[in-house]
Amino acid sequence: MTDSMSSSNGQSNFDYEYLGAGLGLRTPHIYTILENRPTIDWLEIHICNYINGGLNQQLLMQIAENYPLSFHGVSLNLGGTEPLNVPYLTRLKQLTEELNPKLVSEHACFTAHKGEVFHDLLPVPYTKESINHFASRITQVQEFIGRPILIENLSRYVEYPESEFTESEFLSALCNKTGCGLLLDLTNAYVNQHNLGIKLEQFVEELPAEHIHEIHLAGFSHDENWLVDTHCAPIPHEIWSVFDAFCDRYGKRSVLIERDNNLPEFHELERERHVAKQILNHYENPVTIMPPECETV
Ligand SMILES: [Fe+2]
């Protein structure tokens, strides 16, 4: 474990920077960004797309020369029961050392079981056993790559009757036990509020605010009475309002516009990033502004 990581009480001393408003980098936009070099505070990449090298990795090197990066992963299977994937961790460590991302993050989920990969971020029951299981695996990851990671809350569509804790208690315990930080996806929390009745305000209130180092904002879809976290639509007005309320209460954080499906032209994402920036700027200046009304889904 490195000096910058963790003391005996598990609290991280890692020096998290405030990054401003960033964009999720998606392959169709890489050449647009490399050719035009727009001013963007930071970019988040799906690190799984770059683990195996190839052309994408050469382009990533060029991106990294010009923009601060965050590595966001979906493949660690922290909640799984099979041993952690050492070749994947080895590459993650190499890329982390080469590109020095400002943030490295994963999800509080399992993605595979008995060799079957589900291509989905699946929740676990929030029990003492799963806290210990996650804590052990997060610690293994952090020791392997030599720095703390952020853990993201999930959008969920079921609740396990076995759960002994709330999701926020579960995430807080992971922070305390491992020194990891939190990536708070406000859209996921909003979707959970609608679908499962988990009050967003209470969920956020119960998290250790000092350990939240990144926020995700995304659009969602409607499916009959459900909201589905599809990342396929513009960020709706209610999510901007939730973000504004968060910043007002807890102070601003590095924020990311997360769009994966139905990808628009790059300038559309830039427009959303500017809305986020406008909200962030509000908390640097004592001027009251409201986020502009955005197209709802
Ligand atoms: Fe997210």
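1. At what angle do helix α2 and helix α3 pack, and how far apart are their axes? Helix α2 (residues 55–66) and helix α3 (residues 86–99) meet at about 35°, and their axes lie 11 Å apart. Axes here are lines fitted to C-alpha atoms over the stretch in contact, with angles running from 0 to 180 degrees between N-to-C directions. Helices (H or I, at least four residues) and strands (E, at least two) are DSSP runs numbered from the N terminus.

2. A word on the model: it is predicted, with local features needing pLDDT of at least 70 and side-chain atom pairs pLDDT 80 or more, while totals for chains, interfaces and linings use all residues. Residues are numbered from 1 along each chain as its sequence is written, and side-chain values use heavy atoms, leaving out hydrogens and water.

3. Back to the metal site. The iron ion has Glu 152 (OE), Asp 185 (OD), His 216 (ND1) and Glu 258 (OE) as protein donors, 2.1 to 2.3 Å away. Donors are N, O and S atoms within 2.8 Å of the metal (3.2 Å for Na, K and Ca); water is not among the atoms, so sites may look incomplete. Along the chain the donors follow the spacing E-x32-D-x30-H-x41-E. Glu 152 sits in strand β7 (residues 150–152) and Glu 258 in the loop between β12 (255–257) and α9 (266–282), so this pair ties together parts 106 residues apart in sequence.

4. A pocket is an open set of points on a 1 Å grid over the protein atoms alone, where a 1.4 Å probe fits, with protein on both sides within 12 Å along at least five of seven lines; lining residues have an atom within 4 Å of a point. Grid points are joined across faces, edges and corners, and a volume is the space filled by probe spheres set on the points. Strand β6 gives the most to this lining, with six residues.

5. The second largest pocket has a volume of about 170 Å³. Its lining consists of Leu 186, Leu 200, Glu 201, Val 204, Val 242, Ala 245, Phe 246, Arg 249 and Tyr 250. Helix α8 gives the most here, with five residues.
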